[in-house]
Amino acid sequence: MGSSIGHLFDGYSRKARLAPAFIVAFPVTLLCVALIPTLVNWNKLWLLAVASGTVILVDQLVRDRGRAIQPGLWGAWGGPPATQALRHSGAKNLTLLARRHQKLATLLDQPMPTKRQELRNPAKADEVYEMAVKYLISQTRDTAQFRLVFLENCHYGFRRNMLGVRSLGLAISIFVCAATVGAVAASYYGLLVWKIGFALVAIVSLALSLFWWKLVNSDWVKSAASDYAERLLEVLDVLPLAPSANVSGDGSGA
């Protein structure tokens with residue numbers, strides 16, 4: 001089954017889109033297996049999901065949810081992390097910033113905003129920085145050559161999409177936890193045959209409920225976005241002055 005999905009989806013989709021969907025559905029899957037382990041061969045359901053296009057639909061829905069919350073996240077953070085890292089305001093290393101601006105100015109054949117220009121018109125300066133970031137993304141689509149950039153982009157996409165489906169994941173985990181408690185009560189009164197799997201489902205669903213509630217938040221996503229932005233800007237140290245455009249891979253652009 002893994003190879004079947006591998007042929008349909010690239011590494012980014014599997015890591016950043018399908019993985020969140022599987023985590024959302026995991027408590028329900030466990031509960032179904034615990035309740036009716038012999039009803040069907042559950043492994044064959046994966047083949048059915050692929051053949052019917054369900055996996056493709058899930059991939060697109062998770063992507064859309066992640067993209068839908070991205071503008072709000074960037075607004076709350078003060079802008080995309082890569083754009084922030086190119087600003088004069090808040091720069092932690094002015095020497096590094098100056099070197100990056102100089103390299104970008106050469107690559108783009110356009111001067112980067114000065115500190116005074118940025119202060120006078122922050123929106124206009126951000127337009128130039130965003131153009132520079134998009135340029136870097138276009139030059140780092142070779143996932144083999146820029147492996148670290150690709151991996152950090154996957155991490156960011158995964159966390160962003162997890163936040164996008166957080167409400168659904170939390171609701172499902174809580175529901176399954178409650179349903180499992182109900183199954184335990186029903187078995188106590190002889191209405192249902194007790195299964196050891198009930199304990200596993202209860203523990204997993206409770207743990208996932210806490211995970212969705214406590215860990216999946218804006219700060220968790222921002223941490224990955226900042227790491228991706230830094231790996232993306234580090235590419236300036238190795239990009240030639242006249243690079244050729246690459247055309248493979250996937251990128252979100254934090």
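Biologist: Quick one to start: is Glu127 buried, partly exposed or exposed?
Modeller: Glu127 is partly exposed, at a relative accessible area of 48%. Keep in mind that this is a predicted model.

Biologist: And which side chain does Glu127 meet in a salt bridge?
Modeller: That would be Lys124, with N to O at 3.8 Å. Lys124 is partly exposed too, with a relative accessible area of 48%.

Biologist: How far apart are Glu127 and Lys124 in helix H8?
Modeller: They are 3 residues apart, which means about one helical turn separates them.

Biologist: How many salt bridges are there by your count?
Modeller: The count is 7. One of them joins Asp59 and Arg17, at 3.5 Å from N to O. Asp59 sits in helix H4 and Arg17 in helix H2, so this pair links parts 42 residues apart in sequence.

Biologist: Are Asp59 and Arg17 buried or exposed?
Modeller: Both Asp59 and Arg17 are buried.

Biologist: What does Arg99 pair with?
Modeller: Arg99 forms a salt bridge with Asp237, and their closest N and O atoms are 3.3 Å apart. Arg99 belongs to helix H6 while Asp237 is in the segment after H12, so the bridge ties together parts 138 residues apart in sequence. Arg99 counts as partly exposed at 47% relative accessibility, and Asp237 as exposed at 53%.

Biologist: Let's zoom out. How many helices and strands does the chain have?
Modeller: There are 12 helices and 0 strands. Of the 254 residues, 40% count as buried.

Biologist: Which residues have the most contacts inside the largest nonpolar core?
Modeller: Those are Trp77, Leu86, Leu104, Leu136, Tyr156, Trp212 and Leu232, in a core of 50 residues. Several helices each supply at least two residues of this core, among them H2, H4, H9 and H12.

Biologist: Tell me about H9. Which residues there are buried?
Modeller: The buried ones include Phe150, Cys154, Tyr156 and Met162, along with Glu152 and Arg160. H9 has 18 residues and reaches 25 Å from first C-alpha to last, close to the 26 Å expected.

Biologist: You mentioned Cys154. How many disulfides are there?
Modeller: The count is 0 disulfides. Cys154 is buried, with a relative accessible area of 1%, and Cys177 is buried as well, at 17%.

Biologist: Last one: where is Asp109, and what is its phi?
Modeller: Asp109 lies in the loop between H6 and helix H7. Its phi is near 55°, a positive value in a residue other than glycine. Asp109 is exposed, with a relative accessible area of 72%.

Technical notes:
Residues are numbered from 1 along each chain as its sequence is written. This is a predicted model: local features need pLDDT of at least 70, side-chain atom pairs count only at pLDDT 80 or more; totals for chains, interfaces and linings use all residues. Side-chain values use heavy atoms; hydrogens and water are left out. A disulfide is a pair of cysteine sulfur atoms within 2.5 Å. Buried means under 20% relative accessible area, exposed over 50%, partly exposed in between (1.4 Å probe, protein chains only). Helices (H or I, at least four residues) and strands (E, at least two) are DSSP runs, numbered from the N terminus. A nonpolar core is a set of buried Ala, Val, Leu, Ile, Met, Phe, Trp, Tyr and Cys residues joined through side-chain atoms within 4.5 Å. The expected span of a helix is 1.5 Å times one less than its number of residues. A salt bridge is a side-chain nitrogen of Lys or Arg within 4 Å of a carboxyl oxygen of Asp or Glu.
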